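User: I have a model open and want to go through it piece by piece. Can we start with the sheet and take the rest from there?
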Amino acid sequence: MGLIDYLKTQFLEIIQWEDDSRDTISFRFPDLDKEIKNGAQLIVRESQTAQFVYLGQFGDTFAPGKYSLTTDNIPILSTLKGWKYGLHSPFKADVYFVNTRLFTGNKWGTANPIMLRDADFGIVRARAYGTFDFHVTDVKVFLKEVAGTDDHFRVDEFSDTMRSRIVSVFTDALASAKVPVLDVAARYGELGAALLPLINPAVTTKYGIEISSFIVENVSVPPEVEQAIDKRSSMAAVGNLNDFVKYQMAQSIGKGGGEAGGIAGTAAGLGAGLAMGQQLVAALNTTSTTPTGGPAGAPPPVPGAELLGVADLTKVLGVSEADVIATLEKGDLKGKKIGATWRVTKSALDEFLKS
């Protein structure tokens, strides 16, 4: 081997990184103790950034393109190395390639419950997990704060390093946003988009990355809070409690038997309905008093009416008109049919209620 060939083996003439791993974020070019030749070619591909580091100090940064390394295009390194008369000799420096493409589907989650102050439930312990997409925006900050001197920094290492930091930023953002727990559990998609403006300033300044998508897949709360949420949902679904109970009573009476057994069970159904009606009146009315002249516990009579019609009886007894007519026709409730209209005296109703 001649002297020229030997010298060629001691210098780096082409510096490039052909990444086919798809999971590498930063990579230090292996110099094997070789020096970089004056005029060497630096090739930076799309979605890459090359960063020179000399004796622990950041030098020049190169965007995608092809460069001939001379004094003209590495001014920062020239200043750091202190060449007084220009770059005329080989030099030694570390070259880091950083992948700036979008890394998707990174998982995050809370190892321990996070404490949230909720307007409805007070202090709540919640767990959360999801995914996020990110890319490197500030190469120097990323190398300094995240990758360090690692010569081959991968996504799995990033996940281990950043998971707790991302959760910390998420917790701070969620606390400052003051989103109610009920909304957190029902609006995952909107929550992630709303938290991005709060999360990105922190992670970009601290770690040199930008999160392009932050997805909350699940937020879970303790069982007692889940039960409270279920009860509140049930109350909202029921609506007017009085109307709901009346509907339930009518349904249960209507299912008392078939066509033959329905009439036979009408009197018993009316009695059960009356008892339930009396209890509901006592529970739902703001004041509960016994009407003058009526038996204790009897339903209130229709004011100013000695004769009662079917419509009046349905209101008093809390049953359907069909049940009232069936009872009148059977004779359990004494009444007088005038044409197609039934009339019942108050005394007859009182006798029926006592029986």
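User: In what order do the five strands of the open sheet come?
Analyst: This is a predicted model. In it, the order is β5-β4-β7-β2-β11, with antiparallel pairing.

User: Which strands stand at the edges?
Analyst: β5 (57-62) and β11 (152-154). Each has a single partner strand, so one side of each is left without a neighbour in the sheet.

User: And by how many degrees are neighbouring strands turned against each other?
Analyst: On average by 20°, with direction ignored.

User: How many bridges are there between β2 and β11?
Analyst: Three, in the antiparallel sense; β2 covers residues 24-28. Within that pair, Ser26 stands opposite Phe153 of β11.

User: Which strands does helix α3 touch?
Analyst: Helix α3, residues 139-147, packs on the sheet and touches β2, β4 (48-54), β5, β7 (94-99) and β11. The angle between its direction and that of β5 is about 135°.

User: What about α4, which strands does that helix touch?
Analyst: Helix α4 (residues 155-177) packs on the sheet too, touching β2 and β11. Its direction makes about 65° with that of β11.

User: Which residue takes a positive phi in the hairpin of β4 and β5?
Analyst: Leu55, with phi near 50°. That hairpin has two residues between the strands.

User: Change of topic: where is Asp31 found?
Analyst: In the loop between β2 and β3, the latter spanning 35-44.

User: Is Asp31 buried or exposed?
Analyst: Asp31 has a relative accessible area of 15%. The cut-off for buried is under 20%, so Asp31 counts as buried.

User: What is Asp31 in contact with, leaving aside neighbours within four places in sequence?
Analyst: Leu12, Lys92, Ala93 and Asp94. Of these, Asp94 falls in β7 (94-99).

User: Now the whole protein. How many helices and strands are there?
Analyst: The secondary structure comes to 13 helices and 15 strands.

User: What percentage of the residues is buried?
Analyst: 34% of the 355 residues.

User: Last one: what share of the contacts comes from residues 24 or more positions apart?
Analyst: 65%, taken over contacts with a separation of 6 or more.

Key
Residues are numbered from 1 along each chain as its sequence is written. This is a predicted model: local features need pLDDT of at least 70, side-chain atom pairs count only at pLDDT 80 or more; totals for chains, interfaces and linings use all residues. Side-chain values use heavy atoms; hydrogens and water are left out. Two strands pair if DSSP finds at least two bridges between them. Helices (H or I, at least four residues) and strands (E, at least two) are DSSP runs, numbered from the N terminus. Axes are lines fitted to C-alpha atoms, for helices over the stretch in contact, and angles run from 0 to 180 degrees between N-to-C directions. Contact means heavy atoms within 4.5 Å. Buried means under 20% relative accessible area, exposed over 50%, partly exposed in between (1.4 Å probe, protein chains only).
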